[in-house]
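Student: I am new to this structure and would like to take a close look at a single part of it. Could you walk me through that part slowly, once the sequence and the model are shown?

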Amino acid sequence: MQAELLHLENELKSIELDDESSKDIHRASLHASVFNLKESSGGDHQLQWNKAIEIRDKLERYNKALVLFSHVQALPSPSLRDLHTFQEWLDRPDGGDFFLRGREAEIWEDEEDVLTLSQHQANKDTVTGFVNDVVIPWYHHLRCRWDK
């Protein structure tokens, strides 16, 4: 979108130069007055105003995209243990049973590109974090060894 804005800006500069070099006094003054520029809409000299409106609309979409991106960037990552547990579940016959195929199966492989909507990681107290991150995985490890 930045490249599009740059292109639109260059187009506006070109229109401004054409207007400034015009022998028409009204057209030549468009660059100096927003009032004159707005009044030109619908008239013979509306190119500059139309381009300004196009840029304004593009900037509005760009700014909304930036805000959305910043919100997405602020989302927490899942704990590695939670992610690995989920990845293992996807692969287990009694879990996800490899239901994702092709490119969809690769979604969960990049640990740095995964987000979570859950805030449970941030809301853990020390004891809960210790139980979830140490005791439960240790218990599952022991249980798997006993089941063999």
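In which helix does K13 lie, and what can be said about that helix?

Tutor: Before the details, please keep in mind that this is a predicted model, in which local features need pLDDT of at least 70 and side-chain atom pairs count only at pLDDT 80 or more, while totals for chains, interfaces and linings use all residues. Residues are numbered from 1 along each chain as its sequence is written, and side-chain values use heavy atoms, with hydrogens and water left out.

K13 lies in helix α1, where helices are DSSP runs of H or I with at least four residues, numbered from the N terminus. Because its relative accessibility is 44%, K13 counts as partly exposed; buried means under 20% relative accessible area, exposed means over 50%, and partly exposed is what falls in between, with a 1.4 Å probe and protein chains only. The C-alpha atom of K13 is separated by 8.9 Å from that of Q48, although these two residues are 35 residues apart along the chain.

The helix itself has 19 residues, and α1 reaches 27 Å from its first C-alpha to its last, close to the 27 Å expected at 1.5 Å a residue; that expected span is 1.5 Å times one less than the number of residues. The buried residues of α1 are L5, L8, L12, I15 and D19. Seen down the axis of α1, these buried residues fall within an arc of 85°, so they line one face of the helix, the arc being that of the directions from the helix axis to the C-beta atoms. The face turned away from this buried side carries the exposed residues Q2, A3 and L17.

What do the buried residues of α1 pack against? They pack against α2 (25–28) and α4 (47–74), where contact means heavy atoms within 4.5 Å. D19 deserves a look of its own: this residue lies in helix α1, which covers residues 2–20, and D19 counts as buried because its relative accessibility is 5%. Leaving aside residues up to four places away in sequence, D19 touches R27, A28, L30 and Q48.

Helix α5 has 12 residues and reaches 17 Å from its first C-alpha to its last, close to the 16 Å expected at 1.5 Å a residue. The buried residues of α5 are L83, Q87 and L90. Seen down the axis of α5, they fall within an arc of 60°, so they line one face of the helix.

To return to the part you asked about, K13 lies in α1, a helix whose buried residues pack against α2 and α4.

Notes:
Helices (H or I, at least four residues) and strands (E, at least two) are DSSP runs, numbered from the N terminus.
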